[in-house]
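Please open the structure in your viewer and keep the selection panel at hand.

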Amino acid sequence: MSDQRRPCVILHSPQLGENIGAAARVMRNFGLTDLRLVSPRDGWPNPAADTMSAGAFDAGVVVNVHETLQDALEGVTYLIAATARLRGIEKRVTDAVGAAAAAFGRSGGDGKGIAAVMFGGEKAGLPNEAVALSDLLMTYPVDPDFKSLNLAQAVCVFVHEWGKLNAAENPSNFPSQNQVKPLEVPSMPDANPSTRDDVFRMFEHFEFELERAGYFFPPEKTPLMKDNLRSALIRADWTEQEVQTFRGAIKALAIGRGKARVVRED
């Protein structure tokens, strides 16, 4: 994808260099490189940002610092504002999925459109005058009793959704995503579902008996063989009763039952 199709991220009055660096890092994770800062409290450059960026600045994230939002919006043709407080302003409101789709659609590959996503500072979020300039409001389904979301984490939610659209349009660049398929939500079993610790004990029981029977050979392949067995078994979505039944079957195969029972020293 050309740089013209990638939205820019604007951080309005960010305070902590660590958050700027972490935001740059996650931007680069998902292929975004245009980061614009409006009046960062601690100035720029900021050593704390370098540390948290994990090399994102060297890997292509370009930071431009502006004194005013108007300057930061140079060339922007579509502005999305992230806010937890809708403030009664008559604007269209969407979530991260909708905002990513809007940014993706309004960024022109011919260079005629630049979408921007704007996030407010850690202390107070975006000022009203910044929200008023936006075309679209983006909000997240955070708990009303605890709305405070870390600045870099807020950026992450959006860029992840944008990255999914980018991967769908450019599948050859993201081979791992070819394995991602729509998931039919599994229904809750009628009986009590097993806990993972019960399942792990079942695995250990099964693997102990297989080890005793000499199944794991050659030794260097044992970890892979165990992983394959566990992967196959876990798909059964076990209930408590099924785990108990299977462990009983393991025990019966190992030492028998009734007249067929054998005596083992262990």
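Begin by selecting Y78, I80 and A82, which lie on one side of β4, and then L79 and A81 on the other; these residues are all buried, so that both faces of the strand are covered. Here, buried denotes under 20% relative accessible area, exposed over 50%, and partly exposed the range in between, for a 1.4 Å probe and protein chains only. The model is a predicted one, in which local features need pLDDT of at least 70 and side-chain atom pairs count only at pLDDT 80 or more, whereas totals for chains, interfaces and linings use all residues. Residues are numbered from 1 along each chain as its sequence is written, and side-chain values use heavy atoms, with hydrogens and water left out.

Next, display the whole of β4, residues 78-82, of which five of five are buried. Strands (E, at least two residues) and helices (H or I, at least four) are DSSP runs numbered from the N terminus.

Which strands pair with β4? Select β6, residues 115-120, which runs parallel to β4 and is joined to it by four bridges; pairing requires that DSSP find at least two bridges between two strands. Within β6, A116 is the bridge partner of L79. Then select β7, residues 136-138, which pairs with β4 in the parallel sense over three bridges. In β7, L136 stands opposite I80.

Turn now to the aromatic rings. The whole structure contains six aromatic pairs, a pair being two rings of Phe, Tyr or Trp (its six-membered ring) with centres within 6.5 Å; planes under 30 degrees apart count as stacked, over 60 as edge-to-face and the rest as tilted. One of them joins W44 and F57, whose ring centres are 5.6 Å apart and whose planes meet at 75 degrees, so the pair is edge-to-face. W44 lies in the loop between β2 (34-38) and α2 (47-53), and F57 in the loop between α2 and β3 (62-66), so the pair ties together parts 13 residues apart in sequence. W44 is partly exposed, at 26% relative accessible area, while F57 is buried, at 17%.

Move on to F104 and W162, with ring centres 6.0 Å apart and planes at 55 degrees, so this pair is tilted. It links distant parts of the chain, 58 residues apart: F104 is in helix α4 (residues 96-106) and W162 in helix α6 (residues 151-169). F104 is buried at 11% relative accessible area, and W162 is buried at 0%.

Finally, select F206, W238 and F246, which ring pairs link into a cluster.
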